[in-house]
Amino acid sequence: MSYFPLIPTSPSSMLNQYKFEDEPELRDLFITVDDPESHITAIETFITYRVVTKTSRGEFDSSEYEVRRRYQDFLWLKSRLEEAHPTLIIPPLPEKFIMKGMVERFSDEFIETRRKALHKFLNRIAEHPTLTFNEDFKIFLTAQAWELSSHKKQGPGLFSRMGQTVRAVASSVRGGGVKNRPDMFTDINDYMETFNQKINLLDKISQRIYKEERGYYCEMKEYGPIHTLWSASEEDLVDSLKGVASCTDKCCKATENRMAGLSENLLPVLHEYVLYSEVLTGVLKRRDHIQAELDSKVDALSNKKAEKDLLTEEIGNLEDKVACANNALKADWDRWKQNMQHDMKTAFLNVAENNIHYYEQCLAAWESFLTSQTVDLHLGEDSEDKP
Amino acid sequence: MHISFSNNFCDPCNFSSKMMEDCLSKKIEITVSEAEKRTGRNAMNMQETYTAYLIETRAVESQTEGQCSPPDSLWRRYSEFELLRNYLLVNYPHIVVPPLPEKRAEFVWHKLSADNMDPDFVERRRIGLENFLIRVASHPIICQDKIFYSFLTQEGGWKEMVNETGFQLKADSRLKALNATFRVKNPDKRFTELKHYSDELQSVISHLLRVRARVADRLYGVYKVHGNYGRVFSEWSAIEKEMGDGLQSAGHHMDVYAGSIDDILEEEEHYADQLKEYLFYAEALRAVCRKHELMQYDLEIAAQDLASKKQQCEELATGTLRTFSLKGMTSKLFGQETPEQREGKIKVLEEQIHEGEEQLKSKNVESREFVKSAWTDIERFKEQKNHDLKEALISYAVMQISMCKKGIQVWTNAKECFSKM
């Protein structure tokens, strides 16, 4: 079970925020992504992010690294991880750009959302029992810009050829069910179909709620001051009107907090899992393709009696490969499921708490106003009784 | 106007407690208990649909004795209420006449229909009409009006009776009033301030109601979209083993949350109606100011007239011509009048001057009495307004508190469900 702290500002502050769960994981790798900077060249404009790593691992030469990376570099890392571990669930990257037209490519909001997602991406990899020891990951975290470029240029490695084979098979095998797919993976596939639907809906619903809350906030900002304006022409109602204005302003502030809670917690989590859906669909396909490789060789064996020995050896290797892939995916799926449950629970608990807090703040404001008003009324009544 | 006037305003500066005791509202209980759709033929013999309202009246004493005698009742439609109010406006120009609920739905937010036949609108109008009748019945002066009493008690022939009073003829023309407003030189400063105040009141309440409608619209959106969570959680829970129950029950609470907004906003609508009443009261205040300006202008014109006649008289008597007049010029050119002609003119003028002086005196008295009694009613209105608005603001706070408490309840329940996920 992994604990994921909310957007810390530096690896050292992450140390302070770490909470021990039932099985404390000894974390020895802390990563932050921050400080987006714009770079303008003759050809293009792009953003780089600062990636700071603090580690106590022996395989790292130093205990602290600071590098700058751009989105392309993250894409490279992701594809390397996918090639190296085709049936592991590689965390999703934020989208290249959002087509909704709401957010411009380089707006502050867009950059901040992306930064948070990139931070999450690297930390997810760091927490993964297998991916955390990946060599390309280490290079990504530690290499200076020129070192990384030259490493990238070194060309596809051993695994990449495998990746190419997989892609070749993918194009030859039509999508849909593989005939020998184990039930477990069919179940996962079915699950993901529904999950995909639901998570997308939840993402849309939550975005819509955020929009409505923001609209409410904008109108409330205008609502309070009108009462103050009115109080200027009502000498006997000044306290009541100003009181309502003040309460409205407090509720406005509380709404702002509620909105911030949504945008910092629920929305990024839901969106990450929308992207995860796609990742999982890809992983299942890749597993199917590995199996399809095996199946096609087995078919070839039953047709060609000639190259029997060679084919048998190949089939043996592929059977191992399929078994490895299946086991890797099974383990990673269990891990992913657990994380997902935990993340969803945490996110929605947070939403509930934010809402409770919001209503409590508003309640306090209005109750205090009501008390002040009814006290006045009682005072008024007392003075009327006097002869 | 002169006659009905002196019968109806009161002498003392404050309404005596006896007058308050004598208010109709203390003697009979008035309710507008039902609304019904009707079809009929209008003045142009065309079919029309309208709503009729049932007015029930019951003597207060009959209830305290433990006997609940059946109420008297009759049906009236909105246009008859309008006729009654116009009658009161003309005959009691020194009174801030209570306003009617709005003719058409304004300040709507998206859910409310702007249709006059919409049941929610009709219901709110029913309450507004009842409020209007109670306000009139609680006013020490206008509650005694016979036309008002017949409105409550006499079903047939009421319209004819009102029209027979000829009040429409007594009404000041809009043009006359506008003219007076522009040309009056020395209106009572208090009325000028009051006019300014009523403009401000109208402007600020309109603005407030507009923004409130927008706030309501957004609030509705926030609550209702949460209802979608309910459906999706439920569908999602079907594929989840451990999370399923938590999701499902949380979804139920989201549905409750989404559903709660309807009652909340309906209550707020009543609050908006309370504010609207005072929005329309602003117009009633302006009507009293306009009347004062008209009377004052009338007075100024009469005084001016009198002054010019006196001057004319003086010029004729002394033979001097101080002001230019075509007559004076022609008489200079073509010879002066004979002494007898002059004598005749002077006599006529002296009569006119005497009449004018009498008229001016009585106009002065009228005007002063109007100012006094209008100002008394305005003070009464101010107290009523302060009391009502303060109460309205308190009731708004109570509504907000209730909404917050419900919100805390629902989200606490939801939180518990989430924690079981």
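Analyst: A patch is made of residues with over 30% relative accessible area and no salt bridge, where like charges are joined within 9 Å and nonpolar side chains (Val, Leu, Ile, Met, Phe, Trp, Tyr) within 5 Å. This is a predicted model, so local features need pLDDT of at least 70 and side-chain atom pairs count only at pLDDT 80 or more, while totals for chains, interfaces and linings use all residues. Residues are numbered from 1 along each chain as its sequence is written, chains are lettered from A and ligands numbered from 1 in the order in which they are written, and side-chain values use heavy atoms, with hydrogens and water left out.

User: What makes up the negative surface patch?

Analyst: B:Glu340, B:Glu343, B:Glu350, B:Glu351 and B:Glu355 form it. Asp and Glu count as negative, Lys and Arg as positive, and His and the chain ends are not counted. The place of each charge is taken as CD of Glu, CG of Asp, NZ of Lys or CZ of Arg.

User: And why does B:Glu350 count as partly exposed?

Analyst: Buried means under 20% relative accessible area, exposed means over 50%, and partly exposed is in between (1.4 Å probe, protein chains only). B:Glu350 comes out at 47%, so it's partly exposed. The areas come from the Shrake-Rupley method. B:Glu350 is found in helix α14 (residues 339–419) of chain B; helices (H or I, at least four residues) and strands (E, at least two) are DSSP runs, numbered from the N terminus.

User: How do you know that A:Asp28 forms a salt bridge with A:Arg57?

Analyst: The rule is a side-chain nitrogen of Lys or Arg within 4 Å of a carboxyl oxygen of Asp or Glu. For A:Asp28 and A:Arg57 the closest N and O atoms are 3.0 Å apart, so the pair passes. The two sit 29 residues apart: A:Asp28 in the loop between α1 (11–17) and β1 (29–40), A:Arg57 in the loop between β2 (45–55) and β3 (64–70), in chain A.

User: Are those two residues, A:Asp28 and A:Arg57, buried or partly exposed?

Analyst: One of each. A:Asp28 is partly exposed because its relative accessibility is 25%, while A:Arg57 has 9% and is therefore buried.

User: What makes B:Arg77 and B:Glu48 a pair that ties together parts of the chain?

Analyst: First, the bridge: their closest N and O atoms are 3.1 Å apart. B:Arg77 lies in strand β3 (residues 72–77) and B:Glu48 in strand β2 (residues 47–59) of chain B, so the parts they tie together are 29 residues apart in sequence. B:Arg77 is partly exposed, at 24% relative accessibility.

User: How many salt bridges are there over all chains?

Analyst: The search of the whole structure finds 56. There's also a network of salt bridges that links A:Lys120, A:Arg124, A:Glu272 and A:Asp343.

User: Which residues have the most contacts inside the largest nonpolar core?

Analyst: A:Trp336, A:Met344, B:Phe233 and B:Trp236, in a core of 120 residues. It's called a nonpolar core because it is a set of buried Ala, Val, Leu, Ile, Met, Phe, Trp, Tyr and Cys residues joined through side-chain atoms within 4.5 Å. α14(B) gives the most to this core, with 21 residues.

User: What makes the phi of A:Asp35 worth a mention?

Analyst: Phi is near 50 degrees there, a positive value in a residue other than glycine. Most residues other than glycine have a negative phi. A:Asp35 lies in strand β1 of chain A and is partly exposed, at 34% relative accessibility. B:Asn45 also has a positive phi, near 60 degrees, and its 52% relative accessible area makes B:Asn45 exposed.

Terms used:
Accessible areas come from the Shrake-Rupley method with a 1.4 Å probe; for residues, only the protein chains shown count as cover.
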